[in-house]
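Thanks for coming, everyone. Let me put the structure up and walk you through it.

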Amino acid sequence: MAKLIVCLTGMPGAGKSTIAEGLKSKGYDIINMGNAVREEAKKRNLELTRANLGKLMLELREQNGPGAVAELVKPQIELSTSNVILIDGVRSNDEIQVLKKFGTVKLLAIHASTDTRFDFLQKRGRSDDPQTKEHFDERDNRELGVGISNSIALSDYAISNIGLTKDELIHNAYEIIQSWIE
């Protein structure tokens, strides 16, 4: 079987990383697009702040094209021995086109309300998570600016992460992914 590349897409805080972490135990390889940007920032000796990471993400796309962040994860995909790879945080159709070179790509969109996402991001504790509503709105606008709404709109399946427990969210994603494998 060719590799199945499941792209988790959705606005920040919707539950993509929760799903990815929860499905590691199923033998899937997990690749986080945000971590690829954080690694690039470390190589450039940039502090991992919200402003620096946002600026770097835009700069990479400007210099290397709109699929640039997906290009950063190509080595991880090539080294993967798993038949299923979850890509956490796909933000554009250009990134999806890069990933299609490595296998069958399916998009799983995760939706959550603005309030749910803001609450989650405040509690998550990553260095680039917004702590104010203004920073949250700024990040959402940046994500929309790079085309995330297109990848969400073109998803093969969507999960509404409203009123779900963490276990229910992970189980729902697993069932969907399994249906794509069979």
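Some terms before the tour. Helices (H or I, at least four residues) and strands (E, at least two) are DSSP runs, numbered from the N terminus. Axes are lines fitted to C-alpha atoms, for helices over the stretch in contact, and angles run from 0 to 180 degrees between N-to-C directions. Contact means heavy atoms within 4.5 Å.

This is a predicted model, where local features need pLDDT of at least 70 and side-chain atom pairs count only at pLDDT 80 or more, while totals for chains, interfaces and linings use all residues. Residues are numbered from 1 along each chain as its sequence is written, and side-chain values use heavy atoms, with hydrogens and water left out.

Start with the sheet. Five strands make an open sheet, ordered β2-β3-β1-β4-β5, with parallel pairing. Strands pair if DSSP finds at least two bridges between them. At the edges sit β2 (29–32) and β5 (157–160), each pairing on one side only. On average, neighbouring strands are turned by 20° against each other, direction ignored.

Now one pair. β4 (residues 104–111) joins β5 through four parallel bridges. Which residue in β5 partners Leu108? Tyr157 does.

Next, a helix. α1 (residues 16–23) lies across β1 (4–9), β2, β3 (84–88) and β4. Against β3, α1 runs at about 150°.

We use a 1 Å grid over the protein atoms alone. A cavity is a set of points where a 1.4 Å probe fits but cannot get out; a pocket is an open set with protein on both sides within 12 Å along at least five of seven lines. Lining residues have an atom within 4 Å of a point. Points join across faces, edges and corners, and a volume is the space filled by probe spheres set on the points.

How many cavities of 30 Å³ or more are there? One. Of 29 lining residues, the closest to the centre are Gly34, Arg91, Asp128, Arg139 and Glu143. α3 (50–64) gives the largest share of that lining, five residues.

Among the lining residues are Ile30, Asn35, Glu39 and Leu72.
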